[in-house]
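Please brief me on this protein model. Start with its charge pairing, then cover the fold, the surface and the backbone.

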Amino acid sequence: SHNYNISIPRVDLSNVDFEKILESKEVQIGKIEIIKPEIEYYLKKHKQNKNNDEKIFTKLDLFPLLKGKLESVEIDTFSITNGDIRIYKAPVFNEPNISSKDFSIELYNFFLDSNSINNDKKILYADDIELLFKDYSLQLKNNQILNSKEIKLSTALSEIIAKDIEIISKN
């Protein structure tokens with residue numbers, strides 16, 4: 001299992017139909033905004049397939065978390081703004097492998113139900129995603145660090161933009 005430390009000082013919800021949630025177990029929300037979260041994620045080492053050195057990727061299935069409680073979740077815009085994220089990877093947890101002091105994520109037309117896992121047209125259950133990482137840092141395997149002032153990804157615009165990239169040796 002992996003460990004998380006998450007602090008969320010503020011969450012704003014708009015256009016929530018509480019009556020529909022109570023009557024039909026279907027959640028419809030216009031916008032959820034998580035403001036200034038602090039996230040630490042401790043990733044433990046995965047066992048590799050003995051027959052193949054390639055990493056195995058699986059789909060993220062969130063519906064089992066809702067099963068028996070809700071039928072579906074629909075959110076027009078789900079956003080995280082001005083977050084601080086640090087991801088630590090085993091075996092060393094003393095400094096993050098990936099970090100960003102100011103990140104934002106926007107998911108548009110998020111929809112989750114029992115069949116969502118089979119929809120290959122959506123990424124993370126959304127039609128479009130926008131990611132912005134400021135002051136991004138990535139520890140590379142060869143004792144170097146990749147830093148970028150800003151990394152931006154937009155599926156709607158089909159673009160990835162990185163500004164002021166540098167690779168430095170770790171001393």
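A search of the whole structure finds 7 salt bridges. A salt bridge here is a side-chain nitrogen of Lys or Arg within 4 Å of a carboxyl oxygen of Asp or Glu. Side chains of opposite charge can pair when their charged atoms come close. This is a predicted model: local features need pLDDT of at least 70, side-chain atom pairs count only at pLDDT 80 or more, and totals for chains, interfaces and linings use all residues. Residues are numbered from 1 along each chain as its sequence is written, and side-chain values use heavy atoms, with hydrogens and water left out.

**Salt bridges**

- Glu40 and Arg86 pair through their side chains at 3.1 Å, N to O. The pair links distant parts of the chain, 46 residues apart: Glu40 is in strand β4 (residues 38–43) and Arg86 in strand β5 (residues 72–89).
- Both Glu40 and Arg86 are buried. Buried means under 20% relative accessible area, exposed over 50%, and partly exposed in between (1.4 Å probe, protein chains only).
- Arg86 also forms a salt bridge with Asp84, where the closest N and O atoms are 2.9 Å apart. Asp84 is partly exposed, because its relative accessible area is 21%.
- Asp127 and Lys122 form another salt bridge, at 3.0 Å from N to O. Asp127 has 37% relative accessibility, so it counts as partly exposed. Lys122, at 23%, is partly exposed.

**Charge**

- The protein has 24 positive and 28 negative side chains. Lys and Arg count as positive and Asp and Glu as negative; His and the chain ends are not counted.
- The centres of the two sets lie 8 Å apart. Each charge is placed at NZ of Lys, CZ of Arg, CG of Asp or CD of Glu.

**Fold**

- The secondary structure comes to 1 helix and 9 strands. Helices (H or I, at least four residues) and strands (E, at least two) are DSSP runs, numbered from the N terminus.
- From the N terminus on, the order is β-β-α-β-β-β-β-β-β-β.
- The C-alpha trace spans about 60 × 40 × 30 Å along its principal axes.
- Of the 171 residues, 30% are buried.
- Among contacts (heavy atoms within 4.5 Å) between residues at least 6 apart in sequence, 57% join residues at least 24 apart.

**Surface**

- The protein exposes about 12,000 Å², and carbon and sulfur atoms supply 52% of it. Accessible areas come from the Shrake-Rupley method with a 1.4 Å probe; for residues, only the protein chains shown count as cover.
- Tyr4, Ile6, Ile8, Val11 and Leu13 form a nonpolar surface patch, with about 490 Å² of accessible area together. Patches are made of residues with over 30% relative accessible area and no salt bridge: like charges are joined within 9 Å, nonpolar side chains (Val, Leu, Ile, Met, Phe, Trp, Tyr) within 5 Å.
- β1 (3–7) and β2 (10–16) each supply at least two residues of the nonpolar patch.
- Ile6 sits in strand β1. Its relative accessible area is 52%, so Ile6 is exposed.

**Backbone**

- Most residues other than glycine have a negative phi.
- Lys25 has a positive phi near 60 degrees. Lys25 lies in the loop between α1 (18–24) and β3 (26–35), and is partly exposed at 38% relative accessibility.
- Asn109 has a positive phi of about 55 degrees, although it is not a glycine. Asn109 belongs to strand β6 (residues 98–112), and is partly exposed at 39% relative accessibility.
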